[in-house]
Amino acid sequence: MKKTMSKTTKSNFITYGMVIVIYAIVQILTATGSLSSLFKGLLVPLCIYVILAVSLNLTVGILGELSLGHAGFMCIGAFVGSFFSKCMDGTMPDGLRFFLALVLGAAVAAVFGILIGIPVLRLRGDYLAIVTLAFGEIIKNIVNVLFVGRDAAGFHFSLKDTMSLNLAEGGEVIVKGPQGISGTPKDATFTIGVILILFTLIVVLNLINSRDGRAIMAIRDNRIAAESVGINITRYKLMAFSISAGLAGMAGVLYAHNLATLTALPKNFGYNMSITILVFVVLGGIGNIRGSIIAAVILTLLPELLRGLNDYRMLIYAIVLIVMMIVNWSPKAQAIMSRYTPKNLLNKKKSAKEVN
Amino acid sequence: MALLEVKNLGISFGGLRAVDGFHVTIEQGQLYGLIGPNGAGKTTVFNLLTGVYKPDTGSIFLDGHDITGKKTIDINKAGIARTFQNIRLFKELSVLDNVKVGLHNGHHYSAIEGIMRLPRYYKVEKEMNETAMKLLKVFDLDKECDYLASNLPYGKQRKLEIARALATEPKLLLLDEPAAGMNPNETKELMDTIRFVRDQFHMTILLIEHDMKLVSGICEKLTVLNFGQVLTQGDTSTVLNDPQVITAYLGE
């Protein structure tokens, strides 16, 4: 009994440790000035992708439901957080404002998760995939036609253009439809990103190893049996899904505070983004949190590192995807891999010595 | 007062009257058998009792409370737990965790306490681990507690399912063909386990079984179902020697 507990705890600490070690290495490299500016620019997006991959793994791997609209929740978090920061800039200390933006962005995204989950998660089958797919596109398109301005009288909303906001003199347009929000304070740093990764990991890993996490995984493994031992299916599905959405929203706030201008393009909040995150999860291993981190890091860095190869870079990216897929999921490849784990190699050497 | 009192229970699927006019009375502490040829509607009766299906007619009273047409989780909370004909374990969870899912409603801490690892998390988890290990020990599964449930041999999976059902602290335990796929030795061991569960936990047990050795060995009373209707019921020896029952099983 103690053994299982220490085993999962140990595995969790390896995951936390891995993140901290990578953080330390990057800090040392930055201090010695051996990081290119390209790489430095990638650090915050890396953190964002890792948070997104880990949070999506909660829905896909732990809850066992397919979600194709994770970028939609990120989009909500980004715009809510950015809007809050723009409105509150200068009224409170920067640190507190950014913290509140993170909390608010995550909370609003989680509320949207619940709103979508209530009708959809009661159904069996892949309805969540279809609805989240539509949700992601709808959110992106709504944000693209949303105009919000502020003047002395308060906030003005419009879905047409800046003129129809009817702002009084001295009013300021905050959300400019397709032009998005510009001038969000650039608060996101690599350190904050890593802290948020650790926060995400603590939430997800501790949830998995608790009473509620067991209930969630029981539903994934056998819904009928879970019901027969008195597990409230809808409640736990909603819990997992809204936490996952909230964490994606938090990643969105981080994203918004890393850019001068935040716009909702197909590239950043569209269907492709949702699929990219799903690719991280699938390649890292469904339900494998540490795998998600590694896959997100490798697959984000790869296209950038291969930039020198110009035309061939997407080709190599695709080949790496295929190879990772085979190595991760083919039983034969797994058998070969398990033969060459460090532990087994060590044992082999030992037994060879004993023979001699 | 009887622990379980079922009257005139019935359900139709389309034009098929799967169960019709089913009635049974089970006293506290009884080991009751439900038998009948294939397709007689035995598992459908279990599904009606546990709220998987809603009955068209009839009423179910557990310990004096009406549980007719309630949801599965409410019926489980009211005190009925079951196992399944085709084993339904949480395959990717450990043996210990399977039982701990069964303990879910008996041990509480909030999600926040779980995520923030507040003191109550450690306290309740410790209680759960101890209770679960005690249960596993009863079924001789304590050495396999950190195996994945899907890696257990067949007979032990059956036992784990019973342990998980008992973890919900039911008043009535429903076993759906517990001896299916077991060899004679395993069946004999299972009979001892079932008797032990009844005596140790003061449990009332209703079981579906085809293995007549098991049925005649441990059941005190029997109900025979045929084509969805009660053919006969009464003491085991009387029922098994009833010519009607023999005809139903073997034909004219």
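## A pair of strands in chain B

In chain B of this predicted model, T223(B) stands opposite Q233(B), a residue of β10(B). Helices (H or I, at least four residues) and strands (E, at least two) are DSSP runs, numbered from the N terminus.

## How the model is read

Because this is a predicted model, local features need pLDDT of at least 70 and side-chain atom pairs count only at pLDDT 80 or more, while totals for chains, interfaces and linings use all residues. Residues are numbered from 1 along each chain as its sequence is written, and chains are lettered from A and ligands numbered from 1 in the order in which they are written.

## The sheet and a helix across it

In chain B, an open sheet of six strands has the order β6-β7-β8-β3-β9-β10, with mixed pairing. Because β6 (80-82) and β10 (229-235) of chain B stand at the edges and have a single partner strand each, one side of each is left without a neighbour in the sheet. On average, neighbouring strands of this sheet are turned by 20° against each other, direction ignored.

Helix α1 (residues 42-49) of chain B lies across β3 (31-35), β6, β7 (172-176), β8 (204-208) and β9 of chain B, and runs at about 150° to β7(B). Axes are lines fitted to C-alpha atoms, for helices over the stretch in contact, with angles from 0 to 180 degrees between N-to-C directions.

## Two domains of chain B

An automatic or database domain assignment divides chain B into domain 1 (4-79 + 170-250) and domain 2 (90-156). The C-alpha centres of these two domains of chain B lie 28 Å apart.

Six residues of domain 1 of chain B are in contact (C-beta atoms, placed from the backbone, within 7 Å) with five residues of domain 2 of chain B. On the domain 1 side, the largest share, three residues, comes from helix α7 (residues 184-201) of chain B.

## Chain A as a whole

Chain A has 15 helices and five strands. Its C-alpha atoms fill a box of roughly 90 × 60 × 40 Å, taken along the principal axes. Of the 356 residues of chain A, 41% count as buried, that is, with 20 or more other C-beta atoms within 10 Å of their own, where a residue is exposed with 12 or fewer and partly exposed in between, and C-beta atoms are placed from the backbone.

Note on methods
Two residues are in contact if their C-beta atoms, placed from the backbone, lie within 7 Å. Two strands pair if DSSP finds at least two bridges between them.
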